[in-house]
Every structure is written in structure tokens, then in C-alpha cells.
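Okay, thanks for making the time, everyone.

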Amino acid sequence: MSHDPNCIFCKIIEGKIPSRKLYEDDDLLAFHDISPWAPVHFLIVPKIHVVSLYDVSAEHQALLGKMLSLAPELARQEGALNGFRCVINNGQDGGQEVSHLHLHVMGGARPWARG
Ligand code: AMP
Ligand code: ZN
């Protein structure tokens, strides 16, 4: 299933729920986290509905590489020039709240609200 009609991030990707977009291409969307922990906090998501890293296989390697390599580019663009953190929460014990794979990118001057 490339889209899940009940998934909030699929709805953002489809434009059914608004977001503050930072970047978009055929494969990825990046948008500001609605509840930021840090001065810079955005999410990079694949446009296809992949639940978590438990669900990736060899066919997703290029996509994962794209997600990671986009992070420093957008972090710089957003002004996180002194370091940033990348986090992917997976499953219940991993603290994943939204079941659509997403890379958190957090940066900016400390202190941060969390993390
Ligand atoms: P996680 O706990 O890793 O699943 O993180 C989910 C993240 O999605 C949280 O940091 C939320 O603040 C964020 N989030 C949830 N709904 C939205 C939304 N509509 N727009 C932007 N970010 C969202
Ligand atoms: Zn989804």
C-alpha cells in the first residue's frame, strides 16, 4: 500500500492536511514539526507509506539514503550551522507516535525544550 487513508502523514503528503513545507520532490517531503523540541525541528518523510524501519527492505535503500543526505542540506538552510541531531523512532518501545516512517532533524542554539 503506497498510501494509508488513515495516516496523518499520508494526508499531509496528499495536501489534505496543511503543513509548513520545507522541501518536496517525487520521493520525499520535509515539513516543520508541529510541536518542535528545538529551534530547528523538521521531519523528512518518504511519500510512500512505510510504517517504520521494521518495514524497509533492500528496495528502500536508495530512499533511505536520500532521506539522510537531505538532512544536512535542510539543516543548513534552516540555520542549524553548529550541529544537528537525526532521530528515527520505531514502534511502541521506540516511542513512535505516527506510524509513517519519519526522520526527525533537530538543531539550533541550545537549550532545547527536549532532547
Ligand atoms: P514520533 O514520536 O517519532 O512518531 O514523532 C511524531 C512527530 O510528528 C511528533 O514530533 C509530532 O509533533 C509530529 N506531528 C504530529 N502531527 C503533525 C502535523 N500535523 N504536522 C507536523 N508534525 C506533526
Ligand atoms: Zn502514511
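So, to start: which residue in S3 does Leu-29 stand opposite? It's Val-45. Before I go on, this is a predicted model, where local features need pLDDT of at least 70, side-chain atom pairs count only at pLDDT 80 or more, and totals for chains, interfaces and linings use all residues. Residues are numbered from 1 along each chain as its sequence is written, chains are lettered from A and ligands numbered from 1 in the order in which they are written, and side-chain values use heavy atoms, with hydrogens and water left out.

Strands here are DSSP runs of E, at least two residues, and helices are runs of H or I, at least four, numbered from the N terminus. Two strands pair if DSSP finds at least two bridges between them. Buried is under 20% relative accessible area, exposed is over 50%, and partly exposed is in between, using a 1.4 Å probe and protein chains only.

Zooming out, the open sheet has 5 strands in the order S1-S2-S3-S5-S4, with antiparallel pairing. S1 and S4 (84-87) are the edge strands, each pairing on one side only. At the S4 end, 4 bridges join S4 to S5 (residues 103-107), antiparallel again, and Arg-85 has Met-106 in S5 as its bridge partner.

Now the metal. What coordinates the zinc ion (ligand 2)? Cys-7 (SG), Cys-10 (SG), His-49 (ND1) and His-100 (ND1) do, at 2.0 to 2.3 Å. Donors are N, O and S atoms within 2.8 Å of the metal (3.2 Å for Na, K and Ca), and with water not among the atoms, sites may look incomplete. Along the chain, the donor spacing is C-x2-C-x38-H-x50-H. The arrangement is tetrahedral because the 4 donor atoms subtend angles of 105 to 116°; the cut-off for four donors is all angles between 85 and 135 degrees. Both cysteines are buried: Cys-7 has a relative accessible area of 6%, and Cys-10 has 0%.

Note on methods. Four donors count as tetrahedral if all angles lie between 85 and 135 degrees; four count as square planar and six as octahedral if opposite donors are over 155 degrees apart and all others between 65 and 115; anything else is irregular.
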